[in-house]
Amino acid sequence: MNIGNEAQFQIYQMRLTGQYRGETLCISVEDWVARAREVLSEEAFWYLAGASGRGETMRANEEAFAKWRIVPRVFRDVSDRDMSTELFGERLPYPVLLAPIGVQSILHADGEVAAARGAAKLGLPYVVSSASTAPLETIADEAPGAELWFQLYWSKDREVAQSFVRRAESAGCKALVVTLDTPMMAWRERDLERAYLPFLLGEGLGNYLSDPAFRAKLRRPPEEDLAGAILLWTQIFGHPGLTWDDFDWLRQTTDLPLLLKGILHPDDAEEAFRRGADGVIVSNHGGRQVDGAVASLDALVAVRERVGPDKVVLMDGGIRRGSDIVKAIALGANAVLVGRLYAYGLAVDGEHGVETVLRYLLADLDLTMALSGHRSLVTLDASVLARA
């Protein structure tokens with residue numbers, strides 16, 4: 001049975017078995033958001049749900065999908081569907097990855113470990129953030145079976161950046177994702193209203209506090225002087241002086257597949273591949289950086305047109321339902337990353353919440369493909385869509 005049919009029947013059977021509890025069953029994205037707001041502090045909820053400025057970019061990400069309509073086809077055998085895709089020699093069961101999100105300890109006590117375990121149950125790669133509260137090695141040890149990628153926030157201190165890369169290699173990460181759109185934090189009104197930055201409270205620093213290169217620069221170990229460690233973090237986090245020459249150095253330091261995240265302009269995508277990137281992730285950081293920026297889906301179209309059909313191009317931003325994934329794949333994405341969506345599940349019900357919200361997303365994708373007349377991702381291209 002395909003995942004869409006299976007998930008539907010499991011839900012309907014809840015009433016027959018007496019397990020149905022309408023007040024606690026989250027199905028829609030809106031349900032998960034509402035429940036997360038109930039269980040999280042105001043600071044934590046808005047750190048997750050908020051955006052920069054007026055939130056124009058975050059809204060644009062979701063609204064971009066409404067510009068396209070799926071054109072279903074009929075008289076096609078869709079009894080069995082295959083949603084697998086290949087990235088860097090690995091066959092993934094679904095075209096979905098979990099985007100890097102930092103400080104997940106503010107969402108749930110088990111934070112990143114719970115999220116990685118939930119992803120592993122569905123075979124989805126989990127991208128560990130540099131800003132995770134649990135160190136990378138802890139996540140790898142406590143979420144056996146999870147396919148991990150590592151996201152690098154490029155530090156001003158090259159020794160720390162290189163140490164993070166070496167640790168990702170040693171932990172068995174399958175790829176390295178370099179976030180380029182956050183050389184500094186944007187004007188995030190929701191966080192500023194509450195004067196809330198969790199890093200200054202010691203959250204989200206697990207990879208730094210455990211890193212030998214970072215610790216070597218401290219006068220006293222963080223166990224004795226956390227304030228000193230936090231101060232050092234504020235001095236080295238982010239790197240507004242990065243240039244393509246820095247990327248050339250990084251490319252020479254690792255053999256891991258290297259993806260650049262935060263690409264929105266076709267020229268930057270073209271230059272990334274020219275200099276040896278293995279892939280790009282079209283992303284505007286979920287609307288948390290430049291307010292009024294181009295929507296990720298709109299940028300995806302331009303990037304794919306420029307780099308051609310054979311390059312690895314992923315995207316994130318605004319993915320909320322299965323139809324969004326169909327549209328993204330049809331417009332040129334090899335796969336998509338989801339962020340806030342699984343984070344709401346984590347806040348509501350930890351590992352089980354992550355698995356559930358992702359299972360429902362994949363079920364929606366499966367059924368949308370079938371009802372549109374498609375049994376494989378390979379048939380999803382621009383001909384599947386019409387302009388609204």
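Author: Helices (H or I, at least four residues) and strands (E, at least two) are DSSP runs, numbered from the N terminus. The model here is predicted, so local features need pLDDT of at least 70 and side-chain atom pairs pLDDT 80 or more, while totals for chains, interfaces and linings use all residues. Residues are numbered from 1 along each chain as its sequence is written, and side-chain values use heavy atoms, with hydrogens and water left out.

Reader: What span is expected of helix α14, and what does the helix reach?

Author: The expected span is 1.5 Å times one less than the number of residues. Helix α14 covers residues 296-307, 12 residues. From first C-alpha to last it reaches 16 Å, close to the 16 Å expected. Gly 308 follows, with a positive phi near 90°.

Reader: Which residues of α14 are buried?

Author: Buried means under 20% relative accessible area, exposed over 50%, partly exposed in between (1.4 Å probe, protein chains only). In α14 the buried residues are Ser 296, Leu 297, Ala 299, Leu 300, Val 303, Arg 304 and Val 307.

Reader: Why do they line one face of the helix?

Author: An α-helix has 3.6 residues a turn, so residues three or four places apart point the same way. Down the axis of α14, the buried residues fall within an arc of 145° (taken from the directions from the helix axis to the C-beta atoms), so they line one face. Their packing partners include α4 (56-63), β10 (312-316) and α15 (322-330).

Reader: At what angle do α3 and α16 pack?

Author: Axes are lines fitted to C-alpha atoms, for helices over the stretch in contact, and angles run from 0 to 180 degrees between N-to-C directions. Helix α3 (42-49) and helix α16 (340-371) pack at about 160°, with axes 10 Å apart.

Reader: Which residues make the contact?

Author: Contact means heavy atoms within 4.5 Å. Phe 45, Leu 48 and Ala 49 of α3 meet Arg 340, Ala 343 and Tyr 344 of α16.

Reader: Is Leu 346 buried or exposed?

Author: Leu 346 lies in α16. At 0% relative accessibility, Leu 346 counts as buried. Beyond neighbours within four places in sequence, its contacts include Gln 104, Leu 107 and His 108.

Reader: Where is Ala 195 found?

Author: In the loop between α8 (189-193) and α9 (206-209). Ala 195 is not a glycine, yet its phi is positive, about 50°. At 74% relative accessibility, Ala 195 counts as exposed.
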